[in-house]
Amino acid sequence: MKTQIIKVDTSIKDWDKQLDQAAEILRSGGLVAFPTETVYGLGANALDKTAVEAIYRAKGRPSDNPLIIHISDAAAVKDLTENIPETAQALMDAFWPGPLTLVMPRSQLVPDIVTAGLDTVAVRMPSHPIASALIRKAGVPVAAPSANSSGRPSPTLAKHVIEDLMGKVDVIIDGGNAEVGVESTVLDITVIPPVILRPGGVTLEQLKSVLGDVIGGQSPGMSDMSGTPKSPGMKYRHYSPRATMLLVEGPPEQVAAEIGKRAELYNKEGTSVGLLVTDETAALYEPSLYSFCKVISLGSRKEPETLASNLFRCLREFDEKGVEVIMAETTDVEGIGLAVMNRLMKAAGGNIIKL
Ligand code: TXA
Ligand code: MG
């Protein structure tokens with residue numbers, strides 16, 4: 001398949017005309033990757049079963065992992081759902097458009113392939129101007145998982161989508177960096193109190209301010225990887241760089257000592273090592289001592305939004321450098337830090353040392 005790359009510049013007059021062709025391709029059953037405020041998505045007409053099947057094929061995604069439907073107008077929820085839970089309106093008012101996905105009872109309009117046979121549907125209204133304009137122009141609800149090959153770190157730049165999906169989709173829209181950097185928060189509102197199925201761009205604290213009570217998401221751990229999780233996607237190893245990953249948690253000096261000791265052992269074996277650190281701790285890994293490692297800082301711990309924004313891009317940078325083992329510090333779980341730790345835990349397959 002020939003993949004067309006369309007660079008969209010939102011600063012020029014009538015910029016949205018640049019989306020007309022992609023919108024037509026979407027409406028008529030094609031696959032279009034596009035930027036959202038969280039990560040890039042791989043879109044298809046959600047009401048077209050054959051188009052949605054093509055998403056699963058292009059990504060190599062297991063068919064039991066349902067997709068989020070993206071809309072450009074909250075009024076579309078009515079058609080996609082039934083018995084809309086009472087909490088929905090307040091959440092939509094507070095967080096839409098934005099990185100919150102609501103799981104609600106589905107309507108018959110939604111094809112089984114979108115929900116992987118579940119009786120619920122996940123819906124979100126993205127705030128990114130390109131995503132919003134594309135969906136509006138297509139005139140159909142758009143099913144879109146993250147636009148990576150299944151299991152790989154989610155794409156925050158068009159070049160990541162090109163790496164994973166070139167030749168497998170009709171169009172890739174290049175709209176620059178996806179700022180939030182981690183995916184939307186998936187919230188099940190079919191139960192009281194609502195349950196966070198995946199921490200993300202809207203924080204637990206923000207949800208509590210609207211809902212009072214919210215369950216789950218307090219721990220970024222791996223407990224949701226076994227059994228039959230409510231959010232099927234969370235059971236897979238995910239977001240993974242090609243390298244093996246190990247997290248080290250504890251007081252910064254001890255963490256640095258432990259990482260240093262292990263890095264030297266790896267180096268002796270001829271294994272190439274990457275270190276994922278933060279601005280505050282970078283000085284603990286002196287370049288003269290760690291010249292054999294690829295050291296990348298995620299940003300400042302004082303700005304968890306920056307850590308989130310950089311995370312997936314940094315994981316892919318280690319791959320570009322051919323790193324075989326990544327050792328990473330852990331982060332605080334306040335605010336969006338919870339989503340960052342959740343992704344780190346998944347990327348590491350739960351591989352963590354606590355000092
Ligand atoms: O920010 C995002 O949410 C991005 C952008 C592109 O919008 N999309 C995204 O989609 O992350 P995906 O497919 O990579 O992750 C969707 C998650 C999966 O964990 C899936 O299992 C869960 O949402 N999900 C979808 N439908 C569900 C449902 N009906 N019930 C429970 N979980 C559901
Ligand atoms: Mg994904």
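Let's start at Tyr285. Tyr285 is buried, because its relative accessible area is 3%, under the 20% cut-off. Keep in mind that this is a predicted model.

Which ring does Tyr285 pair with? The partner is Tyr290. The two rings sit 5.6 Å apart, centre to centre. Their planes make an angle of 70°, and the pair is edge-to-face. Tyr290 also counts as buried, with a relative accessibility of 11%.

Now move on to Phe292. The ring centres of Tyr290 and Phe292 are 6.4 Å apart. Their planes meet at 35°, so this pair is tilted. Is Phe292 buried or partly exposed? Phe292 is partly exposed, at 26% relative accessibility.

Tyr285, Tyr290 and Phe292 are linked into a cluster by ring pairs. The whole structure was searched, and 2 aromatic pairs turned up.

Next topic: empty space. Rolling a probe the size of a water molecule over the atoms shows where space is left empty. How many cavities of 30 Å³ or more are there? The search of the whole structure gives 2.

Take the largest cavity. Its volume is about 50 Å³. Where does this cavity lie? Domain 1, residues 4-211, and domain 2, residues 244-354, both contribute to the lining, so the largest cavity lies between them. On the lining you will find Thr185, Ile196, Pro199, Gly200, Val202, Thr203 and Leu204. Gly335, Ile336, Leu338 and Ala339 line this cavity too. By class, that lining has 7 nonpolar residues and 4 polar ones. Charged residues: none.

On to the second largest cavity. This one holds about 30 Å³ of space. Which strands each supply at least two residues of the lining? Strand E12, 273-277, is one, and strand E14, 325-329, is the other.

How does the lining of the second largest cavity split by class? There are 5 nonpolar, 3 polar and 2 charged residues.

To recap. The ring cluster holds Tyr285, Tyr290 and Phe292.

Definitions and conventions: Residues numbered from 1 in each chain as written. Chains lettered and ligands numbered in written order. Predicted model: local features only at pLDDT ≥ 70, side-chain atom pairs only at ≥ 80, totals over all residues. Heavy atoms only, no water. 1 Å grid on protein atoms, 1.4 Å probe; cavity = no way out; pocket = protein on both sides within 12 Å on 5 of 7 lines; lining within 4 Å. Points joined across faces, edges and corners; volume = space filled by probe spheres on them. Nonpolar A, V, L, I, M, F, W, Y, C, P; charged D, E, K, R; others polar. Domains from an automatic or database assignment. Helix = DSSP H or I, 4+ residues; strand = E, 2+ residues; numbered from the N terminus. Phe/Tyr/Trp six-rings, centres within 6.5 Å; stacked < 30°, edge-to-face > 60°. Buried < 20%, exposed > 50% of the residue type's maximum accessible area, 1.4 Å probe, protein only.
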